[in-house]
Amino acid sequence: MQPVITSLLDTDLYKFTMWQALLHRHPQTQSEYRFVCRNTPAYPLAELLPEVNAALDHLCTLRFTPDELAYVAGLRYIQSDFVDFLRIFQFQRSFISAWAEGEQLHIVARGPQVHVMGFEIFVLAIVNELYFRRFDATAALASGRKRLAAKVQQLQALAQKATLRHPFELFDFGLRRRYSGAWQREVVQTFATQTPQWFKGTSNVLLARDLGLVPIGTMAHEYLQSYQALGVRLRDFQKAALEDWVQEYRGDLGIALTDTVGMDAFLADFDLYFAKLFDGLRHDSGDPVAWGEKALAHYARLRIDAHTKRLVFSDGLDLERALMLYRHFGDRTQLGFGIGTNLTNDMGADHKPLNIVMKLVRANGQPVAKLSDTPGKTLCDDETYLAYLRQVFHVA
């Protein structure tokens, strides 16, 4: 079988940045990550089990190569001891299991967090690519290229429109649910060459290196969720996570994720200290306009000039929605738009993308969870803990 993953750089930047922070601050953490498919696939994912296991076997043979380590070491916020850790790192097959129950495919990674947290992106890319290999690739690519050309044309039309105070900046966030690795490369390369004025980078570290782009990313929910089980008072877990991030990166990577327990609870913790230290905020659930208005009102209350800050939108965006948000906020603050599935897996009506995730559900033997601004995104098997989390943060 042709391997899906051939490089350990073929993952999102925020895996490296969270990895370094947790290795330095909490290397002893034990964790559990669980794979879930939220929609109904065209055929049972359980049928993929033999291929998924073969792909995981191959993934666990990979090591970082000297040129890959040199690239990571060249990122100014990556420290030399972390690169030394990566130099000897190899995924352990005993830390990840895949099995089938009826039509359901189950994948669980369990073990030291600094050894299993990296599985997530690779697992999602593997399941996606294996799933779509059973469809007509010629038809999918023909439809995908037609749609890609329309997006490029739509973006190029921005040049004919009135300029807002802040530029439109687009990023590729589509690794985890991409149609295939080759297609993501084609999409990113097309945007990079045909719309360089607006396309500013990719979360995929391998593509950033190969195509000379800026790797984009800071933190995901798993980073903040981990702090729910790291010994701090639950009410203070967001502050502890943000403080450790500030100490780790000291001015770099300054976009904070806001919806681990909802935007209102986040802003209650995001005081003047953090608001000055972080460059901006990232939206990943709930109404993006309402979220942006709350963010700008918060900066105004703190008497911080919003033009010096950035709002990043990344929740299920397509280009039309990103442009709508740009028109709404483009004169008021700096903006960034991370588009995922709608860039790298928009192959037509006959190729509906999988809505798959692999989330941290437990750390140090305790449940952890997020209470995002979109209820369907909550993933936790402990209702008692969810109720307690809601009570602590006054979330309905």
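Predicted model: local features only at pLDDT ≥ 70, side-chain atom pairs only at ≥ 80, totals over all residues.
Figure 1. Leaving aside neighbours within four places in sequence, His 166 is in contact (heavy atoms within 4.5 Å) with His 307, Tyr 326, Gly 330, Asp 331, Arg 332, Thr 333 and Gln 334. His 166 has its place in the loop between helix H7 (137-156) and strand S4 (170-172). Helices (H or I, at least four residues) and strands (E, at least two) are DSSP runs, numbered from the N terminus. Is His 166 buried or exposed? With a relative accessible area of 9%, His 166 is buried. Here buried means under 20% relative accessible area, exposed over 50%, and partly exposed in between, with a 1.4 Å probe and protein chains only.

Residues are numbered from 1 along each chain as its sequence is written, and side-chain values use heavy atoms, with hydrogens and water left out.

**Figure 2. The second largest pocket, with a volume of about 290 Å³.** Of the 15 residues that line this pocket, the closest to its centre are Leu 158, Lys 161, Ala 162, Thr 163 and Tyr 326. Ala, Val, Leu, Ile, Met, Phe, Trp, Tyr, Cys and Pro count as nonpolar, Asp, Glu, Lys and Arg as charged, and the others, Gly among them, as polar. On a 1 Å grid over the protein atoms alone, a pocket is an open set of points with protein on both sides within 12 Å along at least five of seven lines, a cavity is a set where a 1.4 Å probe fits but cannot get out, and lining residues have an atom within 4 Å of a point. Grid points are joined across faces, edges and corners, and a volume is the space filled by probe spheres set on the points.

**Figure 3. The largest cavity and its lining.** A search of the whole structure finds 1 cavity of 30 Å³ or more. About 50 Å³ of space lies in the largest cavity. Its lining is made up of Leu 8, Thr 11, Lys 15, Phe 16, Trp 19, Phe 64, Phe 89, Phe 91, Gly 118 and Phe 122. Helix H1 gives the largest share of this lining, 3 residues. Sorted by class, the cavity lining has 7 nonpolar, 2 polar and 1 charged residues.

**Figure 4. Lys 15 and Glu 222 joined by a salt bridge.** The closest N and O atoms of Lys 15 and Glu 222 are 2.4 Å apart. Lys 15 lies in helix H1 (residues 13-25) and Glu 222 in helix H10 (residues 221-226), so the pair ties together parts that are 207 residues apart in sequence. Lys 15 is buried, at 2% relative accessible area, and Glu 222 is buried too, at 6%. Both belong to a network of salt bridges that links Asp 12, Lys 15, Glu 120, Arg 176 and Glu 222. A salt bridge is a side-chain nitrogen of Lys or Arg within 4 Å of a carboxyl oxygen of Asp or Glu; by this rule the count comes to 26.

**Figure 5. A salt bridge between Arg 25 and Glu 248.** Here the closest N and O atoms are 3.3 Å apart. The pair links distant parts of the chain, with Arg 25 in helix H1 and Glu 248 in helix H11 (residues 237-249), 223 residues apart. Arg 25 is partly exposed, with a relative accessible area of 31%, whereas Glu 248 is buried, with 6%.

**Figure 6. The buried face of helix H2.** In H2 (residues 49-59), Leu 49, Val 52, Ala 55, Leu 56 and Leu 59 are buried. Seen down the helix axis, these buried residues fall within an arc of 125 degrees, so they line one face of H2. The arc is that of the directions from the helix axis to the C-beta atoms. What covers them includes strand S2 (96-101), strand S3 (104-112) and helix H6 (119-132).
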